[in-house]
Number of protein chains: 2
Amino acid sequence: MSLTVYTGPTGNGRKPTILLNFLNIQHTLHLFPWPTPEIKKDWYLKINPSGLVPSIVDGDITMHESNAILLYLADKYDTDGNVSYIKTIDPTAYWKQVQWLFFQSTQFTNATKMLLSNKHTKTTDEHTLARTYSALEKVYSVLEDQLSKNKFINGEKFTIVDIAFICGHFRMLERVRGTEYEIKNFAEKYPDFNQWYTTSIAIKEVKKGLEKVAAAT
Amino acid sequence: MSLTVYTGPTGNGRKPTILLNFLNIQHTLHLFPWPTPEIKKDWYLKINPSGLVPSIVDGDITMHESNAILLYLADKYDTDGNVSYIKTIDPTAYWKQVQWLFFQSTQFTNATKMLLSNKHTKTTDEHTLARTYSALEKVYSVLEDQLSKNKFINGEKFTIVDIAFICGHFRMLERVRGTEYEIKNFAEKYPDFNQWYTTSIAIKEVKKGLEKVAAAT
């Protein structure tokens, strides 16, 4: 039985890399140089039919979808609950953890994708820009509210939920920082989020995870 | 301890309604007339800060995100595994269940949303249309491949994974059927998906769930 993680330096690709830094487990990290045609080849499409990263193979289990992978790895290898809430110990926090991971992969990702798409198409259409900033305001306000009440997104503990949002936010910044598409006055509008992000990316395991994958670009 | 489900006739809103038809449990169904300003009011935003449906309150647990809710309800109330795979009994199928629910909420929803957005903006831009059909082809091909090998999306059993995709596909059809945005030759391109969908929407509990919520429109 051995765990192999296939990944690369994308928003979602960094998630398992960071989590693995918190888990003291044997694994093979298959870090693709980026971009790579490998992920569209037959051998990889058998692991991940969408041709995306990340994916894992762990004995009988083959999985794609980054937040599903976070839940799986935490369930199997974070049995002391160092970076996750455990269902049998704290069911309420566990189910909120599942909820926030879905929120990250759906609403949060949709809003940040709209921004990246605007930059890509160089849109100046006011209606499109207004819709994008409204979607961003909606998701960052929800997170700001959480972080005004809790040290981390899902409570007083740093967890896989934080990892998911760090990677999404990092990805967005990486693409738009210093451009006209950057969200204006971010730190003033979302001070608690900003504080949480600054603190979180300084955590040794997070920092190393972001650097490690970045090094492959 | 009592379960209340807040929902409406949206793609995601129908998911818990259908699942509840399979579960013989006491609950209160709070079915909003649609559209409704209620979901943007303070009382509801405390339950679901995004102001969307569905949401649930079950004792101490308040949750949003439709596929997270499917996982929660199945875990708590489908203890015999009638419409879900159970982690302790079949871990491989359980984790694939989690993976497919994320795939539905991310890649599948993104592709169908692009189509609905094209219809909404009445776009005739060839590049946009080509990108949309390519995204749709990608997700429906993945599902077609699954359904060429299995009776249902995640194996030989009808589960919450099927419920999630039925609702997404139903929503898409509801909006584009008979319009120029409809996916051409769908049944010929994806015969196994088409067969699965036809069979699935005829299941008594599914049919009733789609009708029940539709009646609120």
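Strands (E, at least two residues) and helices (H or I, at least four) are DSSP runs numbered from the N terminus.

A note on what I am reading: this is a predicted model, where local features need pLDDT of at least 70 and side-chain atom pairs count only at pLDDT 80 or more, while totals for chains, interfaces and linings use all residues. Residues are numbered from 1 along each chain as its sequence is written, chains are lettered from A and ligands numbered from 1 in the order in which they are written, and side-chain values use heavy atoms, leaving out hydrogens and water.

I then asked why E1(A) counts as largely enclosed by the rest of the structure. It does so because 5 of the 5 residues of this strand, residues 3-7, are buried. I also recalled that in a regular strand the side chains alternate between the two faces of the sheet.

Next I looked up the strand's partners, where pairing takes at least two DSSP bridges between two strands. E1(A) runs antiparallel to strand E3 (residues 55-58) of chain A, with 4 bridges, and Val5(A) has Ile56(A) as its bridge partner there.

I moved on to the two chains. Contact (heavy atoms within 4.5 Å) takes in 34 residues from chain A and 34 residues from chain B. Together they bury about 3,000 Å², 60% of it on carbon and sulfur atoms; this is the accessible area (1.4 Å probe) lost on putting the two parts together, summed over both. Glu65(A), Trp95(A) and Phe102(A) supply 24% of the area that chain A buries against chain B, more than any other three residues.

I found 2 salt bridges across the interface, each a side-chain nitrogen of Lys or Arg within 4 Å of a carboxyl oxygen of Asp or Glu. Asp75(A) forms one with Lys87(B), the closest N and O atoms being 2.5 Å apart.

Last, I checked Thr106(A), which sits in helix H4 of chain A. Thr106(A) counts as buried because its relative accessibility is 10%. Beyond its neighbours within four places in sequence, Thr106(A) touches Glu65(B) and Ser105(B).

Note on methods: Buried means under 20% relative accessible area, exposed over 50%, partly exposed in between (1.4 Å probe, protein chains only).
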